[in-house]
There are 2 protein chains.
Amino acid sequence: MGITIKDVAKLAGTSVSAVSVALNAKQNSTIRLSAATRDRIYSAAAQLGYVSNPIAKSLATGKTKVLGLMLPYADAFIDQNPFCNQVLTGIMQEVVHSHYNLMLYTATSGIPLDKAAMFIDSRVEGVLFVMPPENSSAIVKCQKLGIPYVSILQRPSESSWTVNSDDYMGGRLAGDHLLKLGHTKIVHLKGNPDVVTSAPRLSGFQDALISAGVELPDASIIPAGFDWRVGYEAMTKVLEGPRITWPTAIFAANDLCAEGAIRAIRATGLSVPEDIAVVGYDDTWFSTMTQPPLTTVHMPIYEMGELAARMLISRLEGQIPDDIHPVLPVSLTVRHSCGGSALTGTQTSPISIQ
Amino acid sequence: MGITIKDVAKLAGTSVSAVSVALNAKQNSTIRLSAATRDRIYSAAAQLGYVSNPIAKSLATGKTKVLGLMLPYADAFIDQNPFCNQVLTGIMQEVVHSHYNLMLYTATSGIPLDKAAMFIDSRVEGVLFVMPPENSSAIVKCQKLGIPYVSILQRPSESSWTVNSDDYMGGRLAGDHLLKLGHTKIVHLKGNPDVVTSAPRLSGFQDALISAGVELPDASIIPAGFDWRVGYEAMTKVLEGPRITWPTAIFAANDLCAEGAIRAIRATGLSVPEDIAVVGYDDTWFSTMTQPPLTTVHMPIYEMGELAARMLISRLEGQIPDDIHPVLPVSLTVRHSCGGSALTGTQTSPISIQ
DNA sequence: ATAGGTAGATAAAGCGGTTTATCGTCAGTT
DNA sequence: AACTGACGATAAACCGCTTTATCTACCTAT
C-alpha cells in the first residue's frame, strides 16, 4: 500500500519521469530510455509491487477510464424485467474486455432527477442509457457538458447515438406469422406509449394485416404495457366482451405481457394455443418458461448491449463508426404458443442492417 | 466546462482555500470565514455553475466515494437468475441514497481472475461481493490491501463481514411444511455444492425429518443445482426409477430448479401438486410465474442487498455495527405447488436475528 | 576546432483540489 | 504601552502522476 512512482524511481535510481514513461510504454514520447534503464525500472516496480494510482493518473491526463450506465426506473425494470439484465450482460461482456470500468446508476423512485443526473459529475468519460425517458435530464446534461453517450432504445436523432432493433419488422413478423396460421381476428396488447418501441411495433403489425387485406379495428388495439399484470388485466377486459368479439390470436407487447394474457385466457377456461394463439416479444430466457413456451419475436438484446458499449468506447477513442444509429435485425422464434408447429426454426427479418 | 475553484476564488475575490472551506461547509476546519465572505463565494460559485472535480478531490483526500460490486459469473447468474437482480436492486436503493457511487464488475468466463481482481485497483473504497467463490482472488486482494468488504452469501469468518439468511431454518421450514401435509417420501434436489447455502438447507431439511421420525435415505438427496435445466434432469432421473420409489414431494434447490422439476413431472404425465408436491427456495418474482405458483421459502433478498450496502458504508464511515455477520430470517410463502391450501399466508421463521 | 545533432535522462510545471502553517489586525488585559 | 488571543483570511505544501522544457554528454560533419 502506498507505493508510489517516487519509491520506484528511488529504487531504480532514476527520475520519476523516467518511471512514468517506462511503465506506460509510451512510444510517441519525446523521452527516450535505454533498454538498461527500462529494465531497472521494471524490476524495481515488480519488486515493490507497484501499481499506479488511477486517480492521480486521471487528474493528470483528464481521462477517467470510467463509463456510466443509466438503467431505467429500478422497481419496474431491473428487478423484474429480464430485458435489462440481458442488456447489462452484453454491456459487461464488452466492458470487461476493454480498459474501462462501469459505473452503475438507476433512476429510482424517490430520487429527484437532478440528483440522478449528478452521477455524471463523477467524471465518467461516456454514458450508456437504456430506454431513457423522452427528455431525460441526464441526457441533456451530457449534451451540455459534451459527454459522449449512446442510448439503447431511443429514437435516433442528430444529437444522439442510438442502438435499436427493427421494431417495425418485429411487428410485421408477428402479424405475418399469425396471418399465415389463418388468424384474422387478432388483438394487439400495446406497449407503454412512452417507450419508443411501442409505436413501430404496432405499425409493422398493422401493415402486415393491411397487406393481407385483414381489417384491424381500433377496438383491437388495447393499451397494455410491459409487465404481466397489465397483460392480465387487458386480456381479462377483452374476454369480458361478448363471445363473438373474442379474438383468436393475441400479439402482446412483450413476453411478460404475453404471460399475463395467457393466464387471463386460462382463467376463462380457454387454452393456448387451441382457443387463442399468443405471440410475445423479446425472447429472453423467460419466454421458454411459460406454459406453453412462447412463440415470440427475438430481439438481439445481448448484442445490443455489446454494440452500444463498443460504439461508446470506440467513440471515446476517436473513431467514428459507419453507422451511429444501427438498427439490429429481429427474427421470429417459433415455440408452442401459436400452435402451427409445421413452422419450425426461426424466421429471420429480411432487413439486416448491422 | 473546466470551471475550477480558482475561477470561483477570482470572481469572489478570495483565496482558493477560502473557497474550498466554504463550499465544503467544514465545521471543524481551523479556517474561519465571515458570513459575508461565505456569501460572496456561494454566489460566485452559483454564477459560474461551478461543480467540484471529484477526481482532484479524491487525490487530495484519499477518498473516492466509490463502492465496488462483484457479481458472480455472468453467463450463469446475472442474466438468468432473478436472485442477483434483486440483490442488485437492494444495493442500488441504498447506494442511491448515500454519497457513494457503484462500480460494477462481473466475473466473466474468459477473463482471468487476476484481471477481474484488478478492478479493485481502481481505488474503490469498499467492495460488495455476491456469492464469492471459496478462495476468491478478489477477496484475498481486498484483505491484502486492507479494503473493507462485505459478502452476501459467504460463510461467516473472522476476516469477512457477511450477510446471510437463515438457510438452515429455510430447509427446516420446507421439511416441516411437507411433513405437515402428510408427505414422508420426499426427495431433495440439492444445490450446487460450492455455493454456501446448499449444505445448511440440507441440514435443516434433514433435521425436520429426523424430528418427525421420518427416514431420509441417501438416495433421496439428489445433486442438482440452481437453474431449471439441472432441476429437470435430476427430476427426470428420479422418475426413471421404478414407480414404488417415486417420492410424493420435492424440496428443490431454488425456484428455477423447482420449475425444472415441475416440467419433468408434467412430462411424465403426473401433475403438481396432486401427484407430487414441490417446494422451491428464493421467492423472487419468478416464483409467481410457474404453473402452479410455487410454495417456496422466502429469502429477504432485497433486504440482504440493502443491508450489505448499509454495513459497508457505515464501516467506511468508521462505525462498527453490533453484528457483522447478520443472518436474516426466512419464512415460508405458501402458494399452490404443494396443495394444502388450508395453510394460507406465510409462516415466519421463529429465529429473527437482525 | 567548432557547430550541430542526437541519445538519454532530469527538473519542474501542471492537473484541481485540501489542509497546515503563517500572517495581519483589532479588541481586551495588565 | 506592551502583550495576548481571537478572528479572518492567505500562502504554500501536498496528493501521485504526466508531460513539456531543459540539460548533459558524446558523436559527427565541416
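Bear in mind throughout that the model on the screen is predicted. Phe251(A) belongs to strand 8 (residues 249-251) of chain A. If you now display what surrounds this residue, leaving aside its neighbours within four places in sequence, you will find Phe251(A) in contact with Ala174(A), Gly175(A), Leu178(A), Ile186(A), His188(A), Phe205(A) and Val279(A).

Next, select helix 8 (residues 167-180) and helix 9 (residues 198-211) of chain A, whose axes come within 6 Å of each other and cross at roughly 40 degrees. Viewed for its hand, the crossing of these two helices of chain A, helix 8 and helix 9, is right-handed. On the side of helix 8 of chain A, the residues that meet helix 9 include Ala174(A) and Gly175(A), while Phe205(A) is among those that helix 9 of chain A brings to the contact. Ala174(A), Gly175(A) and Phe205(A) are also among the contacts of Phe251(A), where the tour began. Coloured by class, the contact between helix 8 and helix 9 of chain A shows nine nonpolar, five polar and five charged residues.

Stay in chain A and move to Pro273(A), in the loop between helix 11 (255-267) and strand 9 (277-282). The peptide bond that leads from Val272(A) to Pro273(A) is cis, with omega near 5 degrees. In chain B, select Val272(B) and Pro273(B), which are likewise joined by a cis peptide bond, with omega about 5 degrees.

While chain B is selected, two residues deserve a look at their backbone. Lys65(B), which is not a glycine, has a positive phi of about 60 degrees, and its place is in the loop between helix 4 and strand 1 (66-71) of chain B. Lys65(B) counts as partly exposed, because 16 C-beta neighbours lie inside 10 Å. Leu153(B), also not a glycine, has a positive phi of about 65 degrees and sits in the loop between strand 4 (149-152) and strand 5 (161-165) of chain B. With 22 C-beta neighbours inside 10 Å, Leu153(B) counts as buried.

Now show both chains together. Chain B is superposed on chain A by a rotation of 180 degrees with 0.0 Å of shift along its axis, at an RMSD of 0.0 Å, and this is therefore the relation of a two-fold axis. To place the axis by eye, select Met103(B), which of the residues of chain B comes closest to it, at 2.2 Å for the C-alpha.

Select the contact between the chains, to which chain B gives 36 residues and chain A 36 residues. On the side of chain B that touches chain A, helix 4, helix 5 (82-96) and strand 2 (101-106) each supply at least two residues, and helix 5 of chain B gives the most, with seven. That side of chain B divides into 19 nonpolar, 13 polar and four charged residues.

Finish at DNA strand D, around which there are 29 residues, with Thr4(A), Ile5(A), Ser17(A), Ser20(A) and Ala60(A) coming nearest. Helix 2 (16-24) and helix 4 (54-61), in chain A and in chain B, each supply at least two residues of the surface near DNA strand D. By class, that surface near DNA strand D has 13 nonpolar, 14 polar and two charged residues.

Terms used:
Residues numbered from 1 in each chain as written. Chains lettered and ligands numbered in written order. Predicted model: local features only at pLDDT ≥ 70, side-chain atom pairs only at ≥ 80, totals over all residues. Near = placed C-beta within 6 Å. Helix = DSSP H or I, 4+ residues; strand = E, 2+ residues; numbered from the N terminus. Nonpolar A, V, L, I, M, F, W, Y, C, P; charged D, E, K, R; others polar. Axes fitted to C-alpha atoms, helices over the stretch in contact; angles between N-to-C directions. Left-handed = near helix turned anticlockwise from the far one by under 90°. Contact = placed C-beta atoms within 7 Å. Least-squares fit on C-alpha atoms with pLDDT ≥ 70 in both. Buried ≥ 20, exposed ≤ 12 C-beta atoms within 10 Å, placed from the backbone.
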